[in-house]
Amino acid sequence: MGKCEKLTTGFGAPVYNTANSLTVGPNGPMLFEDVDFVEKMAHFDRERIPERVVHAKGCGAFGVFHLYQSMEAYTCADFLKNPAQRTKILIRFSTVIGNRGSADTVRDPRGFAVRFYTCEGNYDVVGLSFPVFFIRDAMSFPDFIHSQKPSPKSNLPDPQRVWDFYSLMPECAHQLTWLYSDRGIVKNFRKMDGFGVNTFVWRNKEGKRHFVKYHFLCQDEKEVVDRFEASRLAGEDPDIAARTLWKDIEEGRPVKYEFCVQIMDPDEAAALDFDPLDDTKTWPEDRFPLIKVGMLILNKNPENFFAQIEQAAFAPANIVPGIEFSADKMLQGRIFSYRDTQRYRVGTNYAQLPVNRPIVPVNNNMSDGSMNCFVPTGDVNYKPNSLDNNCPREAVPLMGHGPCYTGYAVRSPIEKTDDFSQATARYMSLGKEEQDRMAEAMANDLSKVCRPVLMRSLELLENISHELCMAVKKYLQNGMQESSVNAAAPLEQASAAPSTSPQLSRQPARRRQCPGMTRERYMREFKGR
């Protein structure tokens, strides 16, 4: 144990008594001049910053990235050139929808955000535990999140709101086959893959551009956590994933992910039967095989959670030379949204915090703002200037040109949608037991929705797979029983509960009421397609 320092105020003055406030006598009222109390309490009142709108519950660790091979043929990014080079990393894991106090084992995508502290600046890959997303255009993101969050009226989770959105947005279909699969619940982050989801662009020194998809593959065997175990763990140990991550690293068991990429020449995109910039789609690995790039190794826990994890401000806009943005509609929206939410959540100068600060010098003319801790010298903070030799100077741009786009300014969906082919293929790739767990989990949620939402949802599932739809119907008709997926509770019993279980074969005694709308009518009246 090191030297025990003297207690001080935030301004360095000694504190003589931090257990008793300054009062008129031992039993009298407190004096307003007790500046030690005022400082201590005022700072305490402001200890919490706004939680993230999404990905509020999270944990993370530091580590190192080992490059296997030079990727110079595809990108001039410095940290991907020299296999002997080691790059410091930070990974933050999170759930998406729940608040900061929610359980680790809810059914939800997991955030998988990676920061590379490179010699050319910070590079952030803000991904998920699934390779696809629910929607393909960032314009729908606020609506999607609103549908997943608790009801604004009751502040309670409501599967009816969730499936109302799903049933009206068939582009969700592929993601549902991931969310309700065995990958939808996680209790150990080292047994979970990560994906970049968005399509990025790599540019090499000759200016040649390639589309790229990121995969971070766990090095431990995956495990099945069904909804019954998840529910039990949510009560017994709601922080099990965070606790396991901390314990493993603290006890010298590093957590590893193999970094792989899929590479596509942009000229190939037109011949594909899907849009490679569509976040609801994966790229077939037989045509675009995984290329092993390196290993991410987490081996150091944070020294302070708030300073190094809660204040960590990831953003897809944080890129380095040799890596660029594609026209991916989700990525285009995230470029703005993530940095903007960090300015609100952490503050104008969030990039100056140690966890967000790059390992290279920062030189620009952005000045002042709340909590600025950078002290510039000189009196020239503009460009062009002659008083400081026009410094700082702009960097030399890379060779080559960006993409060329022509067309009218329109609000329009992409041309190639095909919402169900990959969803069907994904479902058919699962084993029988996992398919059964998926159907049971879906039926459990759908047993709490009104009939119009139910019928649209079953139509959605029918478009994915007739077998899946029939399996869900069977569970609904037989009723749901918490203790076993094979045991059937009479539907009449379920219909007596406040949230009724809709029947498909006969009318239940009580049913949640909601306005009906077919998907076709919704598309015609609201989506314009």
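## Stop 1

Begin with proline 384, which sits in the loop between α8 and α9 (421–429). Helices here are DSSP runs of H or I with at least four residues, strands are runs of E with at least two, and both are numbered from the N terminus. The model is predicted, so local features need pLDDT of at least 70 and side-chain atom pairs count only at pLDDT 80 or more, while totals for chains, interfaces and linings use all residues. Residues are numbered from 1 along each chain as its sequence is written, and side-chain values use heavy atoms, with hydrogens and water left out.

Select lysine 383 together with proline 384: the peptide bond between them is cis, with omega near 0°. Then move to cysteine 391 and proline 392, which are also joined by a cis peptide bond, with omega about -5°. Proline 392 lies in the loop between α8 and α9.

Is methionine 371 buried or exposed? At a relative accessible area of 71%, methionine 371 is exposed. Buried means under 20% relative accessible area, exposed means over 50%, and partly exposed lies in between, using a 1.4 Å probe and protein chains only.

## Stop 2: the annotated span and tyrosine 338

Select residues 8–391, which the unreviewed UniProt entry annotates as "domain: Catalase core". UniProt positions are given in the numbering used here, feature names are shortened, and annotations may be inferred rather than shown by experiment. The end C-alpha atoms of residues 8–391 are 41 Å apart, and the span is 21% helix and 20% strand.

Next select Tyr338, listed by UniProt under "binding site" in the unreviewed entry. Tyrosine 338 is in helix α8 (residues 329–345). It counts as buried, at 16% relative accessibility. Leaving out residues up to four places away in sequence, tyrosine 338 touches His55, Val126, Phe314, Ala315 and Pro316. Contact means heavy atoms within 4.5 Å.

From that list, go to histidine 55, in the loop between α1 (35–45) and β1 (58–67). Histidine 55 has a phi near 65°, a positive value in a residue other than glycine. With a relative accessible area of 14%, histidine 55 is buried.

## Stop 3

Select histidine 210 in strand β7 (residues 209–218). Its relative accessible area is 11%, so histidine 210 is buried. Which residues does histidine 210 contact, leaving aside neighbours within four places in sequence? They are Tyr74, Phe200, Val201, Trp202, Ile263, Met264, Asp265 and Pro266.

Aspartate 248 is in helix α6 (residues 240–250). It is buried, with a relative accessible area of 9%. Not counting residues up to four places away in sequence, aspartate 248 touches Arg190 and Arg253. To see a separation, select tryptophan 283 as well: 35 residues along the chain from aspartate 248, its C-alpha atom is 33 Å from that of aspartate 248.

## Stop 4: helix pairs

Show α3 (residues 159–168) with α11 (residues 451–464): their axes come within 9 Å and cross at roughly 50°. Axes are lines fitted to C-alpha atoms, for helices over the stretch in contact, and angles run from 0 to 180 degrees between N-to-C directions. α3 and α11 are therefore oblique to each other. Angles under 35 degrees count as roughly parallel, over 145 as roughly antiparallel, 65 to 115 as roughly perpendicular, and the rest as oblique.

To display the contact, select Asp143, Phe144, His146, Ser147 and Gln148 in α2, and Arg161, Val162, Phe165 and Tyr166 in α3.

Finish with α10 (residues 432–446) and α12 (residues 466–478), whose axes come within 8 Å and cross at roughly 55°. That makes α10 oblique to α12. On the α10 side, the contact residues are Asp436, Met438, Ala439, Glu440, Met442, Ala443 and Leu446, and these meet Leu468, Ala471, Val472, Tyr475 and Leu476 in α12.
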